[in-house]
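Have the viewer open as you read.

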Amino acid sequence: MYIYDEIDQTLVDQRVNQFRDQVRRRISGELSEDEFKPLRLMNGVYLQLHAYMLRVAIPYGTLSAEQLRKLAWIARKYDRGYGHFTTRQNFQYNWPKLEDLPDLLAELASVQMHALQTSGNCIRNVTADQYAGVAADEVVDPRIYAELIRQWSTLHPEFSFLPRKFKIAVTGATADRAAVKVHDIGLVAKRDANGELGFEVTVGGGLGRTPMVGPTIRDFLPEKHLLSYLEAVLRVYNQIGRRDNMYKARIKILVHETGVETFTEMVEREWTEIRDTAVELPAGERTRVAGFFNPPVYDKAKDAAGTLRKHVGEDKAFAHWVDTNVAAHKAEGYAIANISLKPIGGVPGDATAEQMDAVAALAERFSFSEIRITHEQNLVLPHVRQDELYAVWQTLKSYDLHTPNLGLVSDMIACPGMDYCALANARSIPLAQEISERFDDLDRQYDIGELKLKISGCINACGHHHVGHIGILGVDRKGEEYYQITLGGSGAEDASLGEIVGPAFPYDKVVDAVETLVDAYLDIRADGERFLDTYRRVGADPFKEALYGTD
Amino acid sequence: MTQKVISANRLADGLVVYLAADGSWSKFITGGAIADDDAGADALLETARTAEEDRLIVDPYLIDVAEIDGEVRPTKYREFIRATGPSVRPDLSKQNYAPDAGVQE
């Protein structure tokens, strides 16, 4: 893991002290709310429906056991004993008091964490593949580059007041687990014919009001030019992105309205000016940062697989969990253990302080003290010996963290919705709970297979509904909650945007509608087809007919 | 005119509050002073602005309410959730959540 140097720590500590003084001045009346609001937002503090909300960055989704334990401790001391993992690998506290926030941020800083750039029109928390460093299909650990981007973009003076917020995601694998194509910039590491490392660069992806899959503007960017190229993209956007209309201010609108070709030419022209100058990534710095992400020293776990097979043979429930939640690790005898934060009837992405402590303890004992956060709101123990998976699972079971549903219909993304969010038009969480309860029979979920269901409570799409195989969007219709259903979206390497299937449903008809869609799929699927495959093969008509009849 | 009360968030802890008839801020909507006409609503807003200047609250605004069975209730669902708490966490509702009863350290 990356460890702060003196510069990082000083910067974060200074920011806490500045914010402490800003809060003091707000409470004493030296600052008005209008003056204070942009300052608190720069420190991740929102005012939500019920209270303040603090959004904490978890850079590229990597946490140490010590950090997770601190998140739990803060949840008990300064909040209400729980927190929420978001679709951008952030963590949110729902009830902090303004007067406590400086102390809370100081506690975070003591474990090298912060809430910088988790709000505002700047470069936000850089996200990455949660299997970084352990995936078998990986060219390079993307966190090396995510960390370099974090350092480059933190308090970057030129990019602190962009036309709108800016999100970057990086993967080093062929399977896209980080939804990179629906980010403002997506980076996919690859090697060229000579074996040189570089990136495919997509620009202008995004969800929200105007969803777009980001087009590729450069098929291969040599690794050493990463920062100068990003700087060129940001410069073009910063100069001509629309500041006159908030709804047209994201880079996706600029790329779309300018045209990909023209936009690319502008970036390349800018890049020609600045490449090979001081903005370039120094080779020594790349090596230094890469050193923090060296793999741990794995045991020679040569009998681990045999022991795992024995446990699997003896315990059917464990076998199910291994089937769905455990992924292949690149080191022999090891496995990646996914921890679902989607218990049947639970709140997607929420974890109690006790659960966080339990996962931190498991990480310390079984996973080199490392935890990952996924954009699908789950946790990961990235390096577990196969013969220790059974012990991990038994502990998970006693904290209701053992739901074997990864990638299945009940493993939904849901934004906080109108239960917490000031922007929402409708609730997301209770719908997610009811859908998971409807499909609580795991055998049925296994039969249905991979099905990515994603729910947003408003058009801002924090719940990624556009890229759900089934997407659900909450809308307000004369004070009533209604839900629009989209089909055929994907946030993976085969990214696509869902299409609206027909008229919206009132709250109490949505679960039935989802079940109708799933049943329609089961009726017409071909062997081996996922819901998404069937939809892509047959189109919307059979699903429309199932939902609305043949009129 | 629809009946209205003033809602806001308390500056110090951000919690949802309602302006009461005596000028204090109540955590419960049932304590909210009701305006029956525009003049009444303006007077409540004036009091709220003073409270804002005094740094008791932020973002005051009028919400629509109705008296149902003698109880003041918001007419919009969003305001109902603000008045009661997250619908998915009844344990954290305004009525049930008691931090001094051992939830926190």
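In which sense do strand β1 and strand β2 of chain B pair, and over how many bridges? Strand β1 (residues 3-10) and strand β2 (residues 16-19) of chain B pair in the antiparallel sense, over three bridges.

## Before you start

This is a predicted model, in which local features need pLDDT of at least 70 and side-chain atom pairs count only at pLDDT 80 or more, while totals for chains, interfaces and linings use all residues. Residues are numbered from 1 along each chain as its sequence is written, and chains are lettered from A, with ligands numbered from 1, in the order in which they are written.

## The sheet of chain B

Within the β1 and β2 pairing of chain B, B:Ala8 has B:Val17 of β2(B) as its bridge partner. Helices (H or I, at least four residues) and strands (E, at least two) are DSSP runs, numbered from the N terminus, and two strands pair if DSSP finds at least two bridges between them.

The open sheet of chain B has five strands in the order β3-β2-β1-β4-β5, with antiparallel pairing. Because β3 (25-26) and β5 (71-74) of chain B stand at the edges with a single partner strand each, one side of each is left without a neighbour in the sheet. Helix α2 (residues 77-84) of chain B packs on this sheet and touches β1, β2, β4 (57-68) and β5 of chain B. The direction of α2(B) makes about 120° with that of β5(B); axes are lines fitted to C-alpha atoms, for helices over the stretch in contact, and angles run from 0 to 180 degrees between N-to-C directions.

## Where chain B meets chain A

Two residues are in contact if their C-beta atoms, placed from the backbone, lie within 7 Å. By that rule, 23 residues of chain B are in contact with 25 residues of chain A. On the chain B side, β4 and α2 are the elements that give two or more residues, and α2(B) provides the largest share, four residues.

By class, the side of chain B that touches chain A has 11 nonpolar, five polar and seven charged residues. Here Ala, Val, Leu, Ile, Met, Phe, Trp, Tyr, Cys and Pro count as nonpolar, Asp, Glu, Lys and Arg as charged, and the others, Gly among them, as polar.

## Domains of chain A

Chain A is divided into domain 1 (6-110), domain 2 (135-291), domain 3 (304-398) and domain 4 (413-548), with bounds that come from an automatic or database domain assignment. The centres of domain 1 and domain 3 of chain A, taken over C-alpha atoms, are separated by 29 Å. Their contact takes 21 residues from domain 1 of chain A and 20 residues from domain 3 of chain A.

On the domain 1 side of that contact, β3 (62-64), α3 (65-78) and β4 (82-85) of chain A give two or more residues. Helix α3(A) gives the most, with seven residues.

## A helix with a buried side

Which residues of helix α13 (residues 389-398) of chain A are buried? They are A:Leu389, A:Val392, A:Trp393 and A:Leu396. A residue is buried if 20 or more other C-beta atoms lie within 10 Å of its own, exposed if 12 or fewer, and partly exposed in between, with C-beta atoms placed from the backbone.

The buried residues of α13(A) pack against several elements of chain A, including α10 (304-314) and β15 (379-385). The face of α13(A) turned away from its buried side carries the exposed residues A:Gln394 and A:Ser398.
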